[in-house]
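Below are my notes on the model you sent, as numbered points. Please read them with the structure open.

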Amino acid sequence: MGDDGLSISGPKTMRGAVIMLIIGLAATGYGAYDYTQQSNAVDDAVEVDATITELDVESTSTGSSTDVSYRPTVRFTYEHDGTTYESTNVFPSAISSNYDTESAARSVIEEYAVDESATAYVDPSDPDGAFLRSQTSNAPLVAVAVGLIFALVGGRSAIR
């Protein structure tokens, strides 16, 4: 442990370091890919009329952590080019955003109501992946940042 009480020593074996490096690079790559995909979806999207069929906020906790995060959930139907689709995407990102409080998660979907009409956005190249908010989410950037940390710690451990 360092003088400041903080130390990130990483894995003790070469195998562990390589695994950590690979996981970090994969998370970074997927986050960057997802951010690019959602940016393109927002740029190419066309508006469609949708009907909200379900709204909720789910609570999740990871592992042994007592921290709880909240995720807004939605389900809606819409029609594009004569075909009816159903989607659960609030944002165009494949990585869903989680919130620290239930009220923050509810604020994302507060403008919607079950059995009410809403505007959804469809990327014509992916018509079954409509989304309600025509804006990018920062969730993929969080994946990039976490992946970079893993890759740096794994890489540093591998060269030691």
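1. F76, Y78 and Y85 form one aromatic cluster. Rings of Phe, Tyr and Trp (its six-membered ring) are paired here if their centres lie within 6.5 Å; planes under 30 degrees apart count as stacked, over 60 as edge-to-face and the rest as tilted. The whole structure contains four aromatic pairs by this search. One of them joins F76 and Y78, a tilted pair with 5.8 Å centre to centre and 40° between the planes. Y78 also pairs with Y85, and this pair is stacked, at 5.5 Å centre to centre and 20° between the planes.

2. This is a predicted model, in which local features need pLDDT of at least 70 and side-chain atom pairs count only at pLDDT 80 or more, while totals for chains, interfaces and linings use all residues. Residues are numbered from 1 along each chain as its sequence is written, and side-chain values use heavy atoms, with hydrogens and water left out.

3. On confidence: pLDDT is the predictor's confidence in each residue, from 0 to 100. The protein has a mean pLDDT of 85, and 91% of its residues reach 70 or more. Confidence is highest in β3, at 96, and lowest in α3, at a mean of 82. Helices (H or I, at least four residues) and strands (E, at least two) are DSSP runs, numbered from the N terminus. Where pLDDT is low, the predicted coordinates should not be read in detail.

4. Which residues have the most contacts inside the largest nonpolar core? They are I52, F76, Y78 and L132, in a core of 21 residues. β1 (46-61), β2 (68-80), α2 (102-109) and β4 (117-123) each supply at least two residues of this core. A nonpolar core is a set of buried Ala, Val, Leu, Ile, Met, Phe, Trp, Tyr and Cys residues joined through side-chain atoms within 4.5 Å. Buried means under 20% relative accessible area, exposed over 50%, and partly exposed in between (1.4 Å probe, protein chains only). F76 is buried at 0%, and Y78 is buried at 3%.

5. Five salt bridges are found in the whole structure; the term means a side-chain nitrogen of Lys or Arg within 4 Å of a carboxyl oxygen of Asp or Glu. E54, R75 and E86 are linked in a network of them. R75 and E54 have their closest N and O atoms 3.4 Å apart. R75 lies in strand β2 and E54 in strand β1, so this pair ties together parts 21 residues apart in sequence. The salt bridge between R75 and E86 is 3.1 Å, N to O; E86 is in strand β3 (residues 83-87), 11 residues from R75. R75 is partly exposed at 29% relative accessibility, as are E54 at 44% and E86 at 45%.

6. A further salt bridge joins E111 and R133, with the closest N and O atoms 3.5 Å apart. E111 lies in the loop between α2 and β4 and R133 in the loop between β5 (126-131) and α3 (139-159), so the pair ties together parts 22 residues apart in sequence.
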